[in-house]
Amino acid sequence: MTDQVEPNPEKDPSDWTTGDEPMTGPQKSYLQTLAQEAGEEVPENLTKAEASERIDALQKSTGRGA
């Protein structure tokens, strides 16, 4: 077995230097769309990192993820 490096590895949101800042407007908008499709509520006070993780989870549950 060989270790392969991803060509564009994604940084874990918990490692983001700005991850503890409030989520951005586009994150909030997209989260609200995904949450509505999934029948879930989105907390208003998420950080950028929390919003990113929530988007990933909701994309998987709604089938919108790549």
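**View 1. The covering of helix α2.** Among the parts of the chain that cover the buried residues of α2 is α1, where covering rests on contact, that is, heavy atoms within 4.5 Å. The model is predicted, so local features are described at pLDDT of at least 70 and side-chain atom pairs at pLDDT 80 or more, while totals for chains, interfaces and linings use all residues. Residues are numbered from 1 along each chain as its sequence is written, and side-chain values use heavy atoms, with hydrogens and water left out. The buried residues of α2 are K48, A49, A51, S52, I55, L58 and Q59; buried means under 20% relative accessible area, exposed over 50%, and partly exposed in between, with a 1.4 Å probe and protein chains only. A57 also lies in helix α2, but at 45% relative accessibility A57 counts as partly exposed. An α-helix has 3.6 residues a turn, so residues three or four places apart point the same way.

**View 2. The whole chain and its helices.** The secondary structure of the protein chain consists of two helices and zero strands, taken as DSSP runs numbered from the N terminus, with helices being H or I over at least four residues and strands being E over at least two. Helix α2 has 15 residues and spans 21 Å from its first C-alpha to its last, which is close to the 21 Å expected at 1.5 Å a residue; the expected span is 1.5 Å times one less than the number of residues. After α2 comes G63, whose phi is positive, near 80 degrees. Of the 66 residues of the chain, 26% count as buried.

**View 3. The crossing of α1 and α2.** The axes of the two helices, α1 and α2, come within 9 Å and cross at roughly 35 degrees, the axes being lines fitted to C-alpha atoms, for helices over the stretch in contact, with angles from 0 to 180 degrees between N-to-C directions. This crossing of α1 and α2 is left-handed, which means that the near helix is turned anticlockwise from the far one by less than a right angle. Residues of α1 including Y30, L31 and L34 take part in the meeting of the two helices, as do residues of α2 including R54, I55 and L58.

**View 4. The largest nonpolar core.** Nine residues, M23, L31, L34, A35, V42, L46, A51, I55 and L58, make up the largest nonpolar core, a core being a set of buried Ala, Val, Leu, Ile, Met, Phe, Trp, Tyr and Cys residues joined through side-chain atoms within 4.5 Å. Helices α1 (25-38) and α2 (48-62) each supply at least two residues of this core. In soluble globular proteins, nonpolar side chains tend to be buried together. Leaving aside neighbours within four places in sequence, L58 is in contact with L31, L34, A35, A38 and E40.

View 5. A35 has its place in helix α1 and is buried, with a relative accessible area of 2%. Not counting residues up to four places away in sequence, A35 touches E40, V42 and L58, and the C-alpha atoms of A35 and I55, which are 20 residues apart along the chain, are separated by 8.8 Å. G19 lies in the segment before α1 and is buried as well, with a relative accessible area of 6%. From C-alpha to C-alpha, G19 and S52 are 9.1 Å apart in space, although 33 residues apart in sequence.
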